[in-house]
Amino acid sequence: MSQQPARTEEQYYWDKWITNRDTHAGDLLVKKYMPLVSYHVQRISVGLPKNVSREDIKSLGLMGLLDALQKFDPSRDLKFDTYASFRVRGAILDGLRKEDWLPRSTRDKAKRIEAKIVELEQRHLRHVTAEEVAHELEMSAEDVYQTTNEHFFANVLSMDDQLTDDDHDTQTYSLKDDKTISPEEEVLKGERMIELEQTICKLSEKEQLVLSLFYKEELTLTEIGEIMKLSTSRISQIHSKAIFKLRNLLSS
């Protein structure tokens with residue numbers, strides 16, 4: 001019963017916003033749903049380099065929230081937080097696609113890491129560890145994990161564009177408007193999903209759990225840490241190592 005007044009008050013502000021575009025009501029609704037922006041900022045920031053401002057990411061998310069507030073149709077059978085979640089996440093990813101946020105130095109480092117992995121695997125005829133790659137390149141294992149993680153995220157962002165072959169060598173980070181998936185793309189997507197699932201099964205149980213909780217259950221690293229009774233930084237390390245192993249296994 002104690003929650004009823006809060007819902008009634010929110011509905012009151014929704015009515016004022018929808019009917020008259022009351023700015024005060026709009027401000028209060030934005031304030032109420034800002035935690036949704038913070039949630040997506042924290043999740044997406046996991047794959048971004050430290051040079052990318054979290055405030056910039058938050059600003060992109062806020063733009064998505066404002067856009068959701070303007071376009072939300074309460075007559076549709078859809079909760080605002082569900083609708084806004086799509087808009088906020090989409091606005092952040094769209095903003096990242098439009099900006100070449102991954103520094104050239106990181107791209108070059110990722111290429112050196114990948115080349116060294118290929119060289120070592122050919123030499124030892126097995127998968128190599130991040131520590132072995134780091135030793136060869138005279139960098140820390142953590143740097144190898146972090147660079148691989150950032151480069152992996154960049155590839156995920158551009159994956160939609162790479163599905164279609166336009167005979168362009170350069171990667172583009174623009175969001176495609178075409179929502180139609182061709183039969184060929186559907187088959188390719190299915191094959192990738194099967195390959196990914198089989199590869200994930202080769203990871204340790206702890207790594208599989210972190211990936212499942214992060215990508216499937218959509219928990220934050222902090223929430224995963226609470227469940228697994230580990231620090232957020234430790235969960236971040238496990239996530240980075242899992243991404244490195246996935247990249248290593250999938251490339252082979």
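A crossing of two helices is termed left-handed if the near helix is turned anticlockwise from the far one by less than a right angle, and right-handed if clockwise. The structure examined is a predicted model, in which local features need pLDDT of at least 70 and side-chain atom pairs count only at pLDDT 80 or more, while totals for chains, interfaces and linings use all residues. Residues are numbered from 1 along each chain as its sequence is written, and side-chain values use heavy atoms, with hydrogens and water left out.

Helices are DSSP runs (H or I, at least four residues), numbered from the N terminus, as are strands (E, at least two). In this model, H2 passes H4 in a right-handed crossing. Helix H2 (residues 23–45) packs with helix H4 (residues 80–98) at an angle of about 40 degrees, their axes lying 10 Å apart, where axes are lines fitted to C-alpha atoms, for helices over the stretch in contact, and angles run from 0 to 180 degrees between N-to-C directions.

Contact means heavy atoms within 4.5 Å; residues of H2 that meet H4 include Tyr33, Leu36 and His40, and their counterparts in H4 include Phe80, Asp81 and Arg89.

Leaving aside neighbours within four places in sequence, His239 is in contact with Val46, Asn149, Val210, Leu211, Phe214 and Tyr215.
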